[in-house]
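Work through these exercises with the sequence and the model side by side. Try each task before you read its solution.

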Amino acid sequence: MQIQTATLGYPRIGKNREVKKALEAFWSGKLEAESLRQTIHKVEESNWKTQLEVGIERIGIGDTTLYDHVLDWIFRFGLIPQRFQQFSGLERYFAMARGQEGTPALEMTKWFDTNYHYLVPEIATDILPADFSDFIETVSRAQNILGKKAVPIVLGPCTLLRLSKVELNIDEAVSKLLPLYVNLLTELNNLGIAEVQIHEPALVLGDANSWKEHFQTVYNSLCTVGIPLHLVTYFDDLGETYPWVIDLPVAAISLDLTRGRNLELIKTHGFPQNKRLGVGVIDARNIWQVRPEKVIPVLQEIVESLYGTSLDIQPSASLQFVPYDAKREKRLPSQLRNVLSFAEQKLQEVVFLARTVKGDNTKTEQEFIESTWSTFEEFSPANQSIQERLKTLKIDDFQRSLSYGLRLDSQISLPQFPTTTIGSFPQTSEVRQLRVQYKRGELSQSEYEAAIDAQIADSIKLQEELGLDVLVHGEFERTDMVEFFGQQLPGFAFTENGWVQSYGSRYVRPPIIYGDVVRTTPMTVREFKVAQSLTQKPVKGMLTGPVTILNWSYPRTDISRQEQAFQIALALRDEVRDLEAAGAKVIQVDEPALREGLPLKPQRWSEYLSWAVDAFRLATAVAQPQTQIHTHMCYCEFGDIIKDIERLDADVISIENSRSNNQTLREITEGGYSHQVGNGVYDIHSPVVPTTEQILQQLRTGVANLPVKQIWVNPDCGLKTRRWSEVIPALKNMVEAAQKLRQEA
Ligand code: GLN
Ligand code: ZN
């Protein structure tokens, strides 16, 4: 039996965020396109060398990107919507990614159940000529460095279509795309490439079985090119598609063994001897070191049941979801650092496991890994009080004391079409500098707080001048909406360099939950009080919800996600109570990541939603009836979970909408949502300032769909990534639009 090692993609932002820095310099006109490309090349070449040196035998390449790998394929295949055809080259590329005056960007949405966002392809009848030259150039460069080990990664046609907005029917779209893929594979074949990875994660979605014929048509045709195809799936199991997927005419198939029940499927249905199986046993979505005593037996089981099949040991998906190198995290306690595994460590684990399965004696290594785990377990003790509190929760703890209809009238009274923002204001370099100086000890706590308070005061003054109705303090003290809370909660750890890409040039450093979470002191009350003391208008208390904190962190694997969410919810519950005591009449608990945590297969939704919604309720139900609870969600479709959103029992929800043409609002309305809705009136991800007229137009859709008393007016997300020069006129127009509407109503 042949056993080798492979990767399915690698972090592509640069170990020191080189790509972000270069992109931002390019956008602000400080860097030439050529230097931008060079930065990308350097990053990807260093990635290749790392993988080569560790001993990976099939190295996935070609996933490095200027913004998004899906956009790259949209671009290469010439799937350029009409509105971008006026631009060319990089200008076109970035217009599609970020929009331009009068030209809205492609829609952006979450990549499966990850916190990575991709741009949604729009496929129309007329498409421009394909151009693979940049990809071919990358592949040749990779061949120079990696030789036969270079394996190009291509986004599969069925997944591309499944994720697209398609004007044609799928058969027509397939027949348009297929010849392009054939050309691409032919070009790759001409380069003498050993094989191509075709990523088809759409195969794990709930509706994949209905794509059976498309997959068969596509792969029957692609295999005629003659280049060996490696069909790659991840994020869940193949489910009912397994029996026909393993019969597709490809040379290799990769399965995610860290999620879902692929192992069971392999054992039940077997796996064809004439294909190679890619065994994704190293979790590409979490940062914990492998537990040899758990993984080795699984591998051995596979080896025994598939005797004779060749296997590749590999990460479960692209490693883009984990940072580069855990060893750099010198500030973390060594007991924790030693059980962390980022991309570089995962490469070593892949090699270690392959050696073990091949029969090398790796006993010493295994024992060493196990000893780091025991040291960690002693270091991270359980918190008795939180465990006790969880055990004694009662139904009432999840239930506000009065139902929505009954508590409504006791809540704060506001004008029609009340205006507000989602929470954050621009994180200027001045603000970021403040936090850096404080962290470095160059500012004392009182100096730092005074400086933050000055920012808060400016923002309150501005919001009053703009005439907003419900104000926010601006979140100047927060680096990131999850990190800020995690940093104050025992049980969370933070990295210095653990960046992962969220979208484009936006990277996040997900916290690591490594122990029981408890709140020891108020986290947001001081800034709330400062803000509220400066105005008669209500200021929103601003919290990140338990499910979002969990979903945007790397979770523990020793207790359930539900238990972790409830621990966080209890911490937030105490915060809600303290904010109320400090005078908050309105408290917003953001849950932008609630939906992305949905399992990919709808059969598993209800189980998740049940505890996720309960976690939100546990955090907020403590609020008095007079306190107006808001929540905020972005980047998703809600149509199918309206009932669950209603069960959150928030008084007001603000949602992202402007990028999906009022689709969200329609869904909310059709779903019979009865609480108040702030349907985002403009896209904050674009630097374009919306006109009053555009906002009015957007609002009128709201009025046409919802009773006036349910409607709020707000941007579609926080404003931290924008400049003041964009925010001020945009909000001015927004308030003006609301005022005009009030006069009409
Ligand atoms: N309150 C947060 C902010 O305004 C919400 C951000 C989000 O939804 N991603 O930044
Ligand atoms: Zn948002």
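**Exercise 1. Find the residue that stands opposite Ile-198 in E9.**

Solution. Ile-198 faces Leu-231 of E9. Now place the two strands. Strand E8 covers residues 196-199 and strand E9 covers residues 229-232. They pair in the parallel sense over four bridges. Strands (E, at least two residues) and helices (H or I, at least four) are DSSP runs, numbered from the N terminus. Two strands pair if DSSP finds at least two bridges between them.

A note on the model: it is predicted, so local features need pLDDT of at least 70, side-chain atom pairs count only at pLDDT 80 or more, and totals for chains, interfaces and linings use all residues. Residues are numbered from 1 along each chain as its sequence is written, while chains are lettered from A and ligands numbered from 1 in the order in which they are written.

**Exercise 2. Give the strand order of the open sheet of eight strands, and name its edge strands.**

Solution. The order is E1-E12-E11-E10-E9-E8-E6-E2, with parallel pairing. The edges are strand E1 (3-5) and strand E2 (59-61), and each pairs on one side only. From one strand to the next, the twist averages 30°. This angle is taken between axes, which are lines fitted to C-alpha atoms, in their N-to-C directions, on a scale from 0 to 180 degrees.

**Exercise 3. Are the residues of strand E17 buried or exposed?**

Solution. Start with the count: five of the five residues in E17 (540-544) are buried. Buried means 20 or more other C-beta atoms within 10 Å of the residue's own; exposed means 12 or fewer, and partly exposed lies in between, with C-beta atoms placed from the backbone. Next, take the two faces. Lys-540, Met-542 and Thr-544 point one way, Gly-541 and Leu-543 the other. Last, find the neighbour. E17 pairs in the parallel sense with strand E18 (residues 586-590) over five bridges. Gly-541 has Ile-587 as its bridge partner in E18.

**Exercise 4. Why does Thr-691 count as partly exposed?**

Solution. Thr-691 has 15 C-beta neighbours inside 10 Å, so it counts as partly exposed. It sits in the loop between strand E21 (676-679) and helix H26 (692-705).

**Exercise 5. Which span should helix H22 have at 1.5 Å a residue?**

Solution. H22 runs over residues 561-581, which is 21 residues. The expected span is 1.5 Å times one less than the number of residues. That gives 30 Å, and the end C-alpha atoms are 30 Å apart, which agrees. Just after H22, Gly-583 takes a positive phi of about 105°.
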